[in-house]
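Have the sequence and the model open while you read.

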Amino acid sequence: MRDTIKQAPNAFFQEDTVRAEDPIMTVRCRQVKPNPFQPRRYFDEQALDELARSIAIHGILQPIIVRKNKQYYEIVAGERRFRASQLAGLQEVPVIVRDFDEKEMMELALLENLQRENLTPIEEAEAYEALIQHLGFTQEQLAERVGKSRPHIANHLRLLKLPQTVRNFVDSGELSMGHGRALAGVKSATQIEQLAQLALAKKLNVRQLEQLVKERAPKNKAKRSTELQAVEAILQESLGTKVTIRRSKKKGTVEIDFYSSEELQQLVDKLLGEE
C-alpha cells in the first residue's frame with residue numbers, strides 16, 4: 001500500500017515516496033508520535049482491522065516516513081500503517097527518516113490527506129483553513145494545489161462558520177455536507193442549532209431543510225428576484241467566491257466573502273481590473 005500524493009504540484013510533495021537509496025531503520029512503536037498537523041480525526045475501523053490482519057501476515061510492505069524530533073519520531077506519511085501495526089501487535093516498525101521543517105510537515109500532512117478525498121467535510125474545511133492561515137495560500141492557489149474548484153473550497157470553509165454543535169453533527173455524518181451548506185446561510189447561531197436539531201429529529205433531506213430555512217427566514221427580508229440571483233451567480237463566477245446581493249426599496253448592498261488579507265487584495269485587483 002503506497003501513501004503517495006497523486007498529481008503532486010512540485011517535487012517536494014513526492015517526498016513521502018520510498019526511493020531505492022533510502023536507508024531503512026527500525027524503531028520502537030513507543031518512540032513514534034502522530035504528525036501534529038494530521039487533519040484526520042476519524043479512521044475507518046474496519047479498514048484498519050483489514051490492514052492490521054495483512055500486516056500481521058505479511059509485515060509492513062512500505063516503511064513509514066518520519067522526521068526526528070528530539071527523542072521521538074513524528075510521522076510524516078503512513079499514519080494508517082502505523083495504527084494498523086499497533087493493532088497487529090507489532091512492537092517495532094520500519095521507518096525512513098527525512099528532514100522536514102514545521103511548514104513542510106504541515107503542508108505535506110494536509111495535502112496528502114486532502115488528495116485521498118475521504119476526510120469528513122469538517123476535517124477537509126479545517127485543512128483548507130490551516131493552509132490558508134498558516135501557509136498563506138489564497139483560495140485560488142489552494143484550489144490549484146489540491147485540484148479542486150474555488151467554489152468547492154469556499155463551500156467547505158463556510159461550514160466553519162457553523163456553531164460547534166452543528167459542526168460536530170456534520171463531522172460525525174449525522175448531517176451531510178449539503179445540510180451544513182444550507183444551515184451556513186442562516187445568520188442566527190441559535191436558529192442554526194434549532195434547525196439542525198429539527199433536521200435530525202424529522203430526518204429531513206437537504207431539499208427539505210433548504211425549504212425550511214427559506215420559510216424561517218425573517219419576514220421583513222426582501223424577496224430576492226430571479227434577476228438578482230442571476231447577477232449573484234455572474235459575480236460569484238467572476239470573483240471565485242460567494243457574493244450576496246441585498247436590496248430594499250431605498251438601497252442595496254453587495255456582500256463579497258474573503259478569507260485572508262491576500263484574498264482581499266486579490267478581489268480588489270479584480271474589481272479594479274488590475275489582474
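What follows goes from the whole chain to its cores, then to single residues and the surface.

**Ground rules**

This is a predicted model, in which local features need pLDDT of at least 70 and side-chain atom pairs count only at pLDDT 80 or more, while totals for chains, interfaces and linings use all residues. Residues are numbered from 1 along each chain as its sequence is written, and side-chain values use heavy atoms, with hydrogens and water left out.

**The whole chain**

The chain has 12 helices and seven strands; these are DSSP runs numbered from the N terminus, with helices being H or I of at least four residues and strands being E of at least two. Of its 275 residues, 43% count as buried. Here buried means under 20% relative accessible area, exposed means over 50%, and partly exposed is in between, with a 1.4 Å probe and protein chains only as cover. The accessible surface comes to about 15,700 Å², and 49% of that belongs to carbon and sulfur atoms. Such areas come from the Shrake-Rupley method with a 1.4 Å probe, and for residues only the protein chains shown count as cover.

How much of the contact total comes from residues 24 or more positions apart? Among contacts with a separation of 6 or more, they account for 68%. A contact means heavy atoms within 4.5 Å.

In soluble globular proteins, nonpolar side chains tend to be buried together. The largest nonpolar core in this model has 28 residues, and Leu114, Tyr128, Leu131, Leu142, Val146 and Ile153 touch the most other members. At least two residues of this core come from each of strand 4 (72-77), helix 3, helix 4, helix 5 and helix 6 (150-159). Apart from it lies another core of 20 residues, including Leu159, Phe169, Val170 and Ala199. A nonpolar core is a set of buried Ala, Val, Leu, Ile, Met, Phe, Trp, Tyr and Cys residues joined through side-chain atoms within 4.5 Å.

Leucine 131 is worth a click: leaving aside neighbours within four places in sequence, it is in contact with Glu107, Leu110, Leu111, Leu114, Gly136, Phe137 and Leu142.

Helix 5 (residues 139-146) has Gln139, Leu142, Ala143 and Val146 as its buried residues. They lie on the same side of helix 5 because they cover an arc of only 100° around the axis, taken from the directions from the helix axis to the C-beta atoms. Glycine 147 follows helix 5, with a positive phi near 70°.

In helix 7 (residues 164-172), the buried residues are Val166, Arg167, Phe169, Val170 and Asp171. Their cover includes helix 4, helix 6, helix 8 (177-184) and helix 9 (189-202). Just after helix 7, glycine 173 takes a positive phi of about 90°.

Threonine 120 sits in the loop between helix 3 (102-116) and helix 4 (121-135). Threonine 244, in strand 6 (residues 243-247), touches Glu232, Thr253, Val254 and Glu255 under that sequence limit of four places.

Lysine 242 lies in the loop between helix 11 (226-239) and strand 6. Its C-alpha atom is separated by 5.5 Å from that of aspartate 257, 15 residues apart along the chain. Beyond four places in sequence, lysine 242 is in contact with Arg158, Gln236, Glu255, Ile256 and Asp257.

Lysine 70 is in the loop between strand 3 (64-69) and strand 4, and lysine 203 is in the loop between helix 9 and helix 10 (206-216).

| Residue | Relative accessible area | Class |
|---|---|---|
| Threonine 244 | 11% | buried |
| Threonine 120 | 13% | buried |
| Lysine 242 | 24% | partly exposed |
| Leucine 272 | 57% | exposed |
| Lysine 70 | 70% | exposed |
| Lysine 203 | 73% | exposed |

**A patch on the surface**

Leucine 272 belongs to helix 12 (residues 261-272). Together with Phe258, Leu264 and Val268, leucine 272 makes a nonpolar surface patch of about 340 Å². Patches are made of residues with over 30% relative accessible area and no salt bridge, with like charges joined within 9 Å and nonpolar side chains (Val, Leu, Ile, Met, Phe, Trp, Tyr) within 5 Å. A salt bridge is a side-chain nitrogen of Lys or Arg within 4 Å of a carboxyl oxygen of Asp or Glu.
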